[in-house]
Amino acid sequence: MIASSISAIAFDLDGTLVDSVPDLAAATQATLADMGLRGCTEDQVRSWVGNGTEMLMRRALTSSLGAEPDASVMADAMPVFMKHYEACLERYSKLYPGVESVLRTLQQRGFRLAVVTNKPYRFTIPLLQAFGIESFFSEILGGDSLTKMKPDPLPLTHLLEKWQLQPQQMLMVGDSRNDVLAAKAAGIASIGLTYGYNYGEDIGLCGPDAVCDHFEQILAHLAPQQSE
């Protein structure tokens, strides 16, 4: 058990709740094709996600061009990517096993649940709605909801302040070092998931408080019910 004092849990989205790479890859490939550039593979996209859509596109363009894209290329690429991604937001993506049942269990136990993702907010809500899990969360923060995103601790400290919680009362669950680093900077506990997108690195090397191979294993690290 991480801490019996945990009463709120923040979840990452991509690579934690939803395997969204297939749709991100489709949108990235379509964008590169529209720009007349060399394409990329889904595996490449899987190693590029985690820092928001702009960084994803920057990495894709760098790979295709063989050099860092300048501001004008980025300005051309982003609207094209946004258009393609909006068109295939949940076409190929899927929930990871156990996500819906675990979220329901946590909600029934009285935990406050939030989504803290670097995905733009405009894509976050429809993706959660598409898989029927939006209602589990009382707070949803996208990468553009605040002035900074993970690995900066601001989204997590924002939740602590809004919910009037102490750091020992909140847990961050995610699949990448950005989630763990944000949690450490906010002074809260973290669980690292091994099945998501962490740039090919072992999530355990980031030093989360616990590591889980499957989403259901989160429950074993929490008190049977929320502390009063």
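**Threonine 53**

I start with the cut-off I need here: a residue is buried when its relative accessible area is under 20%. I also remind myself that this is a predicted model. I looked up threonine 53 and got 9% relative accessibility, so I put this residue down as buried. Threonine 53 sits in helix H3, which covers residues 53–65. What does threonine 53 touch, leaving aside its neighbours within four places in sequence? I noted Met78, Phe81, Met82 and Pro120 as its contacts.

**The sheet**

Next I went through the strands. I found 6 of them in an open sheet, with parallel pairing, and I wrote the order down as E5-E4-E1-E6-E7-E8. Which strands stand at the edges? They are E5 (139–141) and E8 (210–212); each has a single partner strand, so one side of each is left without a neighbour in the sheet. On average, neighbouring strands in this sheet are turned by 20° against each other, direction ignored.

I then checked how E1 is joined to E6. Between strand E1 (residues 8–11) and strand E6 (residues 170–174) I have 4 bridges, and the two strands run parallel. For alanine 10, I noted methionine 172 as the bridge partner in E6.

Helix H6 (residues 121–130) touches strand E4 (112–116) and E5, and its direction makes about 135° with that of E5. Helix H7 (residues 154–163) touches E1, E4, E5 and E6. For the direction of H7 against that of E4, I wrote down about 150°.

**Strand E6**

I stayed with E6 for a while. How many of its residues are buried? I got 5 of 5, so E6 goes down as mostly covered. Both of its faces are covered: Met170, Met172 and Gly174 are buried on one side, and Leu171 and Val173 are buried on the other.

E6 is also joined to strand E7 (residues 189–193), by 4 bridges, and these two run parallel. Here methionine 172 turned up again: its bridge partner in E7 is serine 190.

**H1 against H4**

On to helix pairs. Helix H1 (residues 21–34) packs with helix H4 (residues 71–87) at an angle of about 135°, and their axes are 8 Å apart. Because of that angle, I list H1 as oblique to H4. I noted the crossing of H1 past H4 as right-handed.

Which residues make the contact? From H1 I listed Asp23, Leu24, Ala27, Thr28, Ala30, Thr31 and Asp34. From H4 I listed Ala77, Val80, Phe81, Lys83, His84 and Tyr85. Phe81 was already in my notes as a contact of threonine 53.

**H7 against H8**

Leu156, Thr157 and Leu160 of H7 meet Ala182, Ala183 and Ala186 of H8. How many of the residues in this contact are nonpolar, polar or charged? I counted 5 nonpolar, 1 polar and no charged.

Technical notes:
Residues numbered from 1 in each chain as written. Predicted model: local features only at pLDDT ≥ 70, side-chain atom pairs only at ≥ 80, totals over all residues. Heavy atoms only, no water. Pairing = 2+ DSSP bridges. Axes fitted to C-alpha atoms, helices over the stretch in contact; angles between N-to-C directions. Contact = heavy atoms within 4.5 Å. Parallel < 35°, antiparallel > 145°, perpendicular 65-115°, else oblique. Left-handed = near helix turned anticlockwise from the far one by under 90°. Buried < 20%, exposed > 50% of the residue type's maximum accessible area, 1.4 Å probe, protein only. Nonpolar A, V, L, I, M, F, W, Y, C, P; charged D, E, K, R; others polar.
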